[in-house]
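User: I am new to this structure and would like to learn how to read its features one at a time. Please give the general idea of each feature before turning to the case at hand.

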Amino acid sequence: MRNVIVAANWKMHTTPADAGELARTIGARSRTPGVLRVICPPFVCLAAVRDALVGPDVVAADGNGVAVGAQNVHHEAAGAYTGEVAATMLVGLASWVIVGHSERRRDAAETDDLIGRKLRAARAAGLRAILCVGEQLDERQAGRAESVVERQLGGALAGTDPGLFSMTDAQAAAASAVGPWLTIAYEPVWAIGTGLTARGSDAAAMATAIRVTLARLGFPDAGEGVPVLYGGSVTSASIDEFLAEPAIDGALVGGASLKPDEMAGIVARAGLTAAARRAQAGIVAGPTN
Ligand code: PEP
């Protein structure tokens with residue numbers, strides 16, 4: 001059974017002075033069994049957010065706390081890269097990292113090849129990666145959305161050991177508690193920060209295409225196991241359309257993730273999806289509060 005995940009991308013918002021309090025409020029108000037929650041603040045706020053999330057008031061009844069993620073990582077382990085942050089530097093501050101966000105593809109000219117190197121650097125440091133893929137509006141209108149995403153996946157995952165996707169039962173149990181090493185976020189670029197969302201059915205079709213592509217790229221074990229999130233102007237009012245799709249396992253949330261009410265609503269709805277999946281799989285729920 002794949003994880004249900006809600007990840008918050010705070011982008012370039014919050015400061016070390018206010019990020020901890022916001023994270024604690026969101027963590028406390030979004031305690032929901034069965035949902036992996038991840039908050040990705042700016043680098044300089046990682047420590048404040050990590051420290052704010054240790055209290056029992058943010059841990060859900062099934063033991064899930066809130067994980068901390070970075071929004072980017074450098075592809076090299078160390079060196080003369082002014083202003084950059086290596087994966088090993090994040091260890092202890094974050095356990096997740098976003099790679100390939102469209103705003104970095106746009107603003108920092110990140111290529112699929114570079115994103116692949118970041119992904120491997122993150123993996124080598126033991127960070128869980130959220131790999132973002134998604135097409136531009138003109139690419140969708142030209143009927144090229146799936147081929148663009150296929151190219152992005154192929155570029156980012158070239159050279160990845162297929163064995164990383166095959167898990168023993170013990171590894172699968174560990175991954176279900178803390179998340180797998182790789183999650184894909186399908187984020188149509190035209191839906192990010194615009195208030196526009198994809199249709200749930202289109203996002204689900206893309207999630208299925210992503211799994212087919214992973215198998216075709218030589219990762220047959222990835223297909224059913226890798227969580228695929230939707231991202232693009234998700235709010236508590238729009239999330240249901242995506243969670244109604246069995247192919248979609250949660251959301252990467254930008255703007256709305258800075259609002260505790262919104263995050264509480266989104267995670268609560270994701271909790272219903274997680275409970276329904278558990279029931280379908282015949283898994284008895286743990287204690288609830
Ligand atoms: C994002 O930053 O990944 C994102 C999806 O942003 P928003 O929800 O604001 O569109």
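The dialogue below goes from the whole chain to single residues.

User: What should I know about the model and its numbering before I start?

Analyst: This is a predicted model, in which local features need pLDDT of at least 70 and side-chain atom pairs count only at pLDDT 80 or more, while totals for chains, interfaces and linings use all residues. Residues are numbered from 1 along each chain as its sequence is written, and side-chain values use heavy atoms, with hydrogens and water left out.

User: How many helices and strands does the chain have?

Analyst: Helices (H or I, at least four residues) and strands (E, at least two) are read as DSSP runs, numbered from the N terminus. Counted in this way, the chain has twelve helices and eight strands. Its radius of gyration is 18 Å, close to the 19 Å of the globule rule for 289 residues, so the chain is as compact as a globular protein of that length; the radius is taken over C-alpha atoms, and the rule is 2.2 Å times the number of residues to the power 0.38. Along the principal axes, the C-alpha trace spans about 45 × 45 × 40 Å.

User: What share of the residues is buried?

Analyst: A residue is called buried under 20% relative accessible area, exposed over 50%, and partly exposed in between (1.4 Å probe, protein chains only). By that scale, buried residues make up 52% of the 289 residues in the chain. The chain exposes about 12,200 Å², of which carbon and sulfur atoms supply 56%, the areas coming from the Shrake-Rupley method with a 1.4 Å probe.

User: What share of the contacts joins residues 24 or more positions apart?

Analyst: Contact means heavy atoms within 4.5 Å. Of the contacts in the chain with a separation of 6 or more, 78% are between residues 24 or more positions apart.

User: Which residues does arginine 277 touch, leaving aside its neighbours within four places in sequence?

Analyst: Arginine 277 lies in helix H12, which covers residues 260-280, and is in contact with Met1, Arg2, Asn3 and Val4, as well as with Glu245, Pro246, Ile248 and Asp249, once those neighbours are left aside. Arginine 277 is buried, with a relative accessible area of 13%.

User: Is alanine 207 buried or exposed?

Analyst: Alanine 207, found in helix H9 (residues 200-216), is buried at a relative accessible area of 1%. Beyond its neighbours within four places in sequence, alanine 207 is in contact with Val228, Ala247 and Ile248. Alanine 207 and glutamate 224 are 17 residues apart in sequence, and their C-alpha atoms are 11 Å apart in space.

User: Where does isoleucine 239 sit, and which residues does isoleucine 239 contact?

Analyst: Isoleucine 239 is placed in helix H11 and is buried, with a relative accessible area of 1%. Apart from neighbours within four places in sequence, isoleucine 239 is in contact with Val234, Ala251, Ile266 and Arg269. Valine 178 is 61 residues away from isoleucine 239 along the chain, with 23 Å between the two C-alpha atoms.

User: How many disulfides does the structure hold?

Analyst: In general, a disulfide is a covalent bond between the sulfur atoms of two cysteines, and here a pair is counted when the sulfur atoms are within 2.5 Å. The structure holds zero disulfides. Cysteine 45 is in none, as the nearest cysteine sulfur, that of cysteine 40, is 12 Å away. The sulfur of cysteine 132 is 9.2 Å from the closest cysteine sulfur, in cysteine 40, which is too far for a bond. Cysteine 45 is buried at a relative accessible area of 0%, and cysteine 132 is buried at 2%.

User: What is the phi of alanine 109, and where does alanine 109 lie?

Analyst: The phi of alanine 109 is near 50°, a positive value in a residue other than glycine. Alanine 109 lies in the loop between H4 and H5 and is exposed, with a relative accessible area of 57%. Threonine 111 is found in the loop between helix H4 (102-107) and helix H5 (112-124), and counts as partly exposed at 43% relative accessibility. Serine 233, in the loop between strand E7 (228-231) and helix H11 (239-243), has a positive phi of about 55° although it is not a glycine.
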